[in-house]
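Hello,

Here is the structure I promised to send over. Please open it alongside this note, as I go through what turned up.

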Amino acid sequence: MPNRLKIQQIADNIYFARPPLFQRLGILSTTANASYNDILNTIILQDDLFFKKKGQPTRLKDYDDSQTEKINYFSLNSVSIFHELAHADIDIFIEEDPNSEMYQTVVNEIPKWAGENIYGFNAKSVTHEIIGYTAGNILEVLNNKINTILTSHGIHPNLTKCFSTGALIKTKSLLNIDADIKFKDVLKRTSFYDEFIPKDIFIKGRHISVKGFPLVLKRKVLNYFIKTYAISIDSTTLIRKMNNSHYREKLADCYNPLL
Ligand SMILES: [Zn+2]
């Protein structure tokens with residue numbers, strides 16, 4: 001549930017392009033789901049991310065389209081897209097604005113660490129990828145946590161159905177769900193902080209371990225995402241958000257018949 005306004009602001013400043021044209025022009029060839037070209041300020045998305053139907057304008061697949069796909073298409077691809085949006089954010093907003101709170105971190109501190117600790121790779125690329133993979137990780141971790149919470153409450157993760165009545169009766173008593181139907185913190189106040197920062201990144205397909213990325217820099221990167229996108233950093237905050245969202249309506253749909 002990241003902040004849509006910020007994402008919109010980035011999206012307004014970049015261009016989405018489909019790969020065939022760009023590949024034909026020789027500008028970029030890509031096998032990833034999404035990639036970012038910082039010269040063109042363009043995010044290149046794989047063709048299968050687009051919804052195409054004769055007589056209808058081509059558009060990016062959205063969540064509803066993903067419901068008809070066999071795999072969890074949306075979360076898989078939103079992870080790649082958020083990763084690429086983070087690159088665009090660094091390029092367009094952070095590196096261009098010395099007053100940005102992340103400016104020093106992105107332009108000096110992380111590249112300095114990367115230059116001293118990661119050999120054989122461009123320090124700026126390492127910086128970009130640590131932040132890109134952090135963005136993707138955040139979405140992936142939150143998506144997994146939300147799925148776990150939904151499943152523990154007897155809701156199918158794609159929100160299409162509730163578990164069987166028998167299973168819901170058991171869950172209702174196990175979690176003490178009363179007339180005020182609310183999600184309970186089944187994750188027991190766990191922090192997601194450590195899971196958000198990647199331990200590995202990849203540059204042009206080559207693996208780099210970033211296990212040694214210093215805590216002080218981790219904090220700066222994470223605080224940026226937490227502040228900018230209003231990200232939940234622990235299960236308490238996430239449960240509170242879910243109780244104020246469309247997820248709670250689904251929970252009510254499942255448990256109302258049992259009251
Ligand atoms: Zn990247």
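Is Val 106 buried or exposed? Keep in mind that this is a predicted model. Val 106 has 23 other C-beta atoms within 10 Å of its own. The cut-off for calling a residue buried is 20 or more. Val 106 is therefore buried.

**Around Val 106**

Val 106 sits in helix α5, which covers residues 103-117. Set aside the neighbours within four places in sequence, and Val 106 is in contact with Ile 90, Ile 94, Glu 95 and Thr 127. Lys 220 lies 114 residues away from Val 106 along the chain. Even so, the C-alpha atoms of Val 106 and Lys 220 are separated by 9.8 Å.

**Helix α5**

The buried residues of α5 are Thr 105, Val 106, Ile 110, Trp 113 and Ala 114. The helix has 15 residues. From first C-alpha to last, α5 reaches 21 Å, close to the 21 Å expected at 1.5 Å a residue. There is a bend in α5 of about 30° at Glu 109. A proline, Pro 111, follows within four residues of that point.

**Helix α10**

Now go to residues 235-242, which form helix α10. Which residues are buried there? They are Leu 238, Ile 239 and Met 242. Look down the axis of α10: these buried residues fall within an arc of 100°, so they line one face of the helix. What do the buried residues of α10 pack against? Their partners are α6 (123-152) and α11 (246-255).

Strand β6 runs over residues 200-203, and strand β7 over residues 206-209. The two pair in the antiparallel sense, over four bridges. Take Ile 201 as an example: its bridge partner in β7 is Ile 208. β6 and β7 form a hairpin, with two residues between them. Look at Lys 204 in the turn, which has a positive phi of about 50°.

**The whole chain**

Finally, the overall numbers. The secondary structure comes to 11 helices and seven strands. The chain has 259 residues, and buried residues make up 30% of them. Take the contacts with a separation of 6 or more: residues 24 or more positions apart account for 68% of these.

Best wishes

Note on methods. Residues are numbered from 1 along each chain as its sequence is written. This is a predicted model: local features need pLDDT of at least 70, side-chain atom pairs count only at pLDDT 80 or more; totals for chains, interfaces and linings use all residues. A residue is buried if 20 or more other C-beta atoms lie within 10 Å of its own, exposed if 12 or fewer, and partly exposed in between; C-beta atoms are placed from the backbone. Two residues are in contact if their C-beta atoms, placed from the backbone, lie within 7 Å. The arc is that of the directions from the helix axis to the C-beta atoms. Two strands pair if DSSP finds at least two bridges between them. The expected span of a helix is 1.5 Å times one less than its number of residues. The bend at a residue is the angle between axes fitted to the seven residues ending there and the seven starting there.
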